[in-house]
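Visitor: Could you take me through one part of this protein closely, and then through what lies around it? I would like one connected account, with the cut-offs behind each term.

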Amino acid sequence: MLRFSSLFVRNASSNSFSMPRILITGANGQLGGELAEALRGRFGPDAVLCTDIRVPAPSVQSSGAYFRYLDCTNKDDFARLVVEHRITHIVHYAALLSAIGERNPKEALHLNMRGTEVALEVAQNYGSVIMIPSSIAAFGPTTPRMNTPNITIQRPNTIYGVSKVYAELLGEYYHKRFGVDFRCVRYPGIISWKSAPGGGTTDWSNHAFFAACEPQSAYTCFVRPDTKMPLMYVPDCIKGTIDLMLADEKKLSCRTYNLNALSFSPDDLARAIRRHVPHFKIDYAPDMRQAIADSWPVSLDDADARRDWGWQPQYSLEALTADMLQNIMAQRAGKK
Ligand SMILES: NC(=O)c1ccc[n+]([C@@H]2O[C@H](COP(=O)([O-])OP(=O)(O)OC[C@H]3O[C@@H](n4cnc5c(N)ncnc54)[C@H](O)[C@@H]3O)[C@@H](O)[C@H]2O)c1
Ligand SMILES: C[C@@H](O)[C@H](N)C(=O)O
C-alpha cells in the first residue's frame, strides 16, 4: 500500500529524534524499494520517505513507505522535504548508471554531479547524515584489478565512473571542511529479483536469472563468458548500507569503503543456474559494455569495512542462485 507524507509529518512531534528519519532519492530504482522495506522493518512505518521523479515503483509501493516527487537536482525542493519531514539521514541513490550513462553522457553529468552537489549542500545545511553509494565503476583500467585496495589509482573512463570519484572526493571534502557526516560504500554489481537493474554493465548477472525462468530458458550475454566481476546479492548490499549508516562515527577510519562479496563470470553463473535448470542455455554477443567491464576490478579488498564496522557478506553464489530462482519462479506463479 502506498502511504502519503501528510501522515509522516503528523507523527513528527519534535525536532529531536531518537529514531532516524531517512529520505531516499532515486528510490524507484533497483535498490530503493529494498532499502525502504528493510529500514521500515527496523525503525517503524514512519521512518522512511521515498522520493523519485517517476511514479512509485512496485517495490516502493509494496514497501509501504511514504512517497514524494523530488528531482534531486532541485535544491529548494530537496531542502523543503528535509525540513518538512524532519529528515535526519539522506541516502542519495539517484544516478544514471554506467551503460546508460555512456549513451547519455550529458544527462549523466548533470544528474550525477549536480545531484551529488545538491544532496551534500542540503546535508550540510540541515545537519543530516548522508550516504552516497559509489561503485566498482570508480576504478579504471590502470587500477590493480585483483583485490583492489581501498586507496589506489582511480582513473575511470566512463562518465558514471568519473561522477562516482567526484562524489567520493566531494563528500570527503564536505566532511573535512564542513563536518558533514558523509558515508560511502563502493558497491559491486547488485543482483535482485524484486526490481530490474537500471542500465549498468553488471546487468547480465540479473538478466540471466530471469531468462532462465522463461519457457525457452536461454540468454544471450553482452560480455564474454570469462568476464569475472565483483557482484553481491541485494540482502547483503542492504545490510551493509544500513550497518555503515548506523555505525559509530568514532569507529570510521575513512569515509569511503570497498565492499566485496562474490566474484564470478557469466560462465560461472550459467553453471550455477544449470544445477537447478539443467536445460539453461547461454550464448555470447559482447557489445560496448565489454570494454567497461574489462576496465573494472575483479575483486576488492574490503578489510577496512570488516575491521571498522563489521562488514561480513552472507550469500555464496550457490545460495544466491537458489534464492533468486526460487523467488522469480514464485513471482511468475503469482505467489510473490
Ligand atoms: N545497482 C547496482 O548494481 C549498483 C552498483 C553500484 C552502485 N550503485 C549505486 O546505487 C545507487 C542506486 O542504484 P540503482 O541500481 O537503484 O539505480 P537505478 O538506475 O535503478 O535507479 C536510479 C533512480 O534514480 C531516479 N532518477 C533519475 N533522475 C532523477 C532525478 N533528477 N531526481 C531524482 N531521481 C532521479 C530514476 O527514476 C531511478 O528510479 C546509484 O547511486 C548507483 O550508482 C548501484
Ligand atoms: C556496478 C554498478 O555501478 C552498476 N551495476 C553498473 O554496472 O553500472
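**A helix and its surroundings**

Guide: In helix H9 of this predicted model, the buried residues are Val234, Asp236, Cys237, Gly240, Thr241, Leu244 and Met245. Here, buried means that 20 or more other C-beta atoms lie within 10 Å of the residue's own, exposed means 12 or fewer, and partly exposed is anything in between, with the C-beta atoms placed from the backbone. Looking down the axis of H9, one finds these buried residues within an arc of 165°, so they line one face of the helix; the arc is that of the directions from the helix axis to the C-beta atoms.

Two notes on conventions belong here. Residues are numbered from 1 along each chain as its sequence is written, while chains are lettered from A and ligands numbered from 1 in the order in which they are written. Because the model is predicted, local features need a pLDDT of at least 70 and side-chain atom pairs count only at pLDDT 80 or more, whereas totals for chains, interfaces and linings use all residues.

As for confidence, the protein chain has an average pLDDT of 94, and 95% of the residues score at least 70, pLDDT being the predictor's confidence in each residue, from 0 to 100. Residues 1-16 fall below 50, and this stretch has 22 contacts in the model beyond near neighbours in sequence; a contact requires two C-beta atoms, placed from the backbone, within 7 Å of each other. The model scores are ipTM 0.99 and pTM 0.95.

An unreviewed UniProt entry annotates residues 22-258 as "domain: NAD-dependent epimerase/dehydratase"; UniProt positions follow the numbering used here, feature names are shortened, and annotations may be inferred rather than shown by experiment. That span is 41% helix and 18% strand, and its end C-alpha atoms lie 23 Å apart.

In the loop between H8 and E9 sits Ser217, whose phi is positive, about 45°, although the residue is not a glycine. Most residues other than glycine have a negative phi. Ser217 counts as partly exposed because it has 16 C-beta neighbours inside 10 Å.

Turning to the strands, two strands are said to pair if DSSP finds at least two bridges between them. Strand E1 (residues 22-25) pairs with E4 in the parallel sense over four bridges, with Ile24 standing opposite Val91. E4 (residues 89-92) sends His89 and Val91 one way and Ile90 and His92 the other, and all are buried. E4 also runs parallel to strand E5 (residues 129-131), joined by three bridges, and Val129 in E5 is the bridge partner of His89.

From E5 the pairing continues to E7, in the parallel sense over two bridges, where Ile130 stands opposite Phe182. In strand E7 (residues 182-187), six of the six residues are buried, with Phe182, Cys184 and Arg186 pointing one way and Arg183, Val185 and Tyr187 the other. E7 pairs in parallel with E6 over two bridges, Ser134 having Arg186 as its bridge partner, and three bridges join E7 to the parallel strand E11 (residues 256-258), where Thr256 is the partner of Cys184.

Finally, the loop between E6 (134-135) and helix H7 (159-178) holds Gly140, which is partly exposed because 19 C-beta neighbours lie inside 10 Å. Beyond four places in sequence, the contacts of Gly140 are Gln154, Arg155, Pro156, Asn157, Gly161 and Ser295. The C-alpha atoms of Gly140 and Asp294 are separated by 8.8 Å, although these residues are 154 residues apart along the chain.
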